[in-house]
Amino acid sequence: MADISPYRKTLQQLSTLERRRSLKPTAGFDFSSNDFLGLKNHPAVRMAVEHALSDGMDLGSGGSRLLRGNHKAFEALEQDAASFFGAGAALYMASGFMANFALFSTLPQRGDVILMDELIHASAKEGIRASFAKSSKIAHNDANAFEAEIKRWREKGAKNIWLAVESVYSMDGDKAPIAELMAIADQYGCFLVVDEAHATGIQGPNGRGLAEPFEGRENLISMHTCGKALGVSGALITMDATLCDFMVNASRAFIYTTAPSPVMAVAVREALALVDREPERRKELLALAAKAKSRLVDYLPPSKDGSQILPVILGTDEKAVKAADYMQAAGFDVRAVRPPTVPEGSARLRVSITLNIDEQILDAFCGKLADAL
């Protein structure tokens, strides 16, 4: 008979360590989601979907993009997205995790090297693990360390070198030195891969992300999730047209995956348009985030630049869980984040500022958090 006792033992150990996770229903004021711009219930997005359905659009794709799963909605979205982000081409994927896995497991080749920021997202790490390229971890947000490692690998005969970073880090809310890294990539003939998941729609001169000034370069690949500030689901990889064609022909994660719902492509397309039509949303969000940071400054790590993600680091798992439970009981949905999602000893509350709250709710949250801490 199959033995499930090792799994039961592991779950018991996680419970003892305050690291056992469980699914909880949505309740209370939103201080944990990634619906930063409040677009997931926007009337224009709903209307675009309703019109598509009333016109007879299929709910499902029915297959992979290379079989019968391609749809004019995907092609329209990818064309608009390439223009929106100023890239040579765009490829729509089912999720940000799938997009990161696909690009890192496909584009870097045998003989190449991937240099990744030590705090890059798990989806990128899984893609890098599946790649034939070698890899090295680089100290967080240290452009000089990236440059030194490039030189070391060049001396060892590395072919293409890929620099992998997030523009806004999902757990700390800090920003990568994109301009410095782009300059280094240009100087040494490297590719720069930027995960814009928490910057798309918010950061950059026009809400295109922190790499916006450099889009269109052959050596820049960006990943834009559609389920965070854009409010729906899926992800867009923007890149040179040749690299996009290579992904279509060589990425197993793309070739052998059933395509997303074409209805979601319609929703994403409308969400991108909203970023331009309603620029006041990102201005309002950043102003609200700045106010939150000023109210919580005593509990936050020092940071030169702010984003809508504020980490209240409490250290132990027990403290983080108790604080989250207290806040949730008071009607504020903020979650505890524990290792291995964050480094050991840095369990925290991840405070996410969205347009699903207002200043009055924020003030009440900050007061209650002071009580909790």
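Guide: Gladly; accessible areas come from the Shrake-Rupley method with a 1.4 Å probe, and for residues only the protein chains shown count as cover. By that method the chain exposes about 17,200 Å², with carbon and sulfur atoms supplying 52% of it. This is a predicted model, where local features need pLDDT of at least 70, side-chain atom pairs count only at pLDDT 80 or more, and totals for chains, interfaces and linings use all residues. Residues are numbered from 1 along each chain as its sequence is written, and side-chain values use heavy atoms, leaving out hydrogens and water.

Visitor: Why does the radius of gyration agree with a compact globule?

Guide: The rule, over C-alpha atoms, is 2.2 Å times the number of residues to the power 0.38. For 373 residues that gives a value near 21 Å, and the chain has 21 Å, so the two agree. The C-alpha trace spans about 60 × 60 × 55 Å along its principal axes.

Visitor: Why does A73 count as buried?

Guide: Buried means under 20% relative accessible area (exposed is over 50%, partly exposed in between; 1.4 Å probe, protein chains only). A73 has 8% relative accessibility, so A73 is buried. Buried residues make up 53% of the 373 in the chain.

Visitor: What makes M57 a contact of A73?

Guide: Contact means heavy atoms within 4.5 Å. Leaving aside neighbours within four places in sequence, A73 is in contact with M57, P262, A265 and V266.
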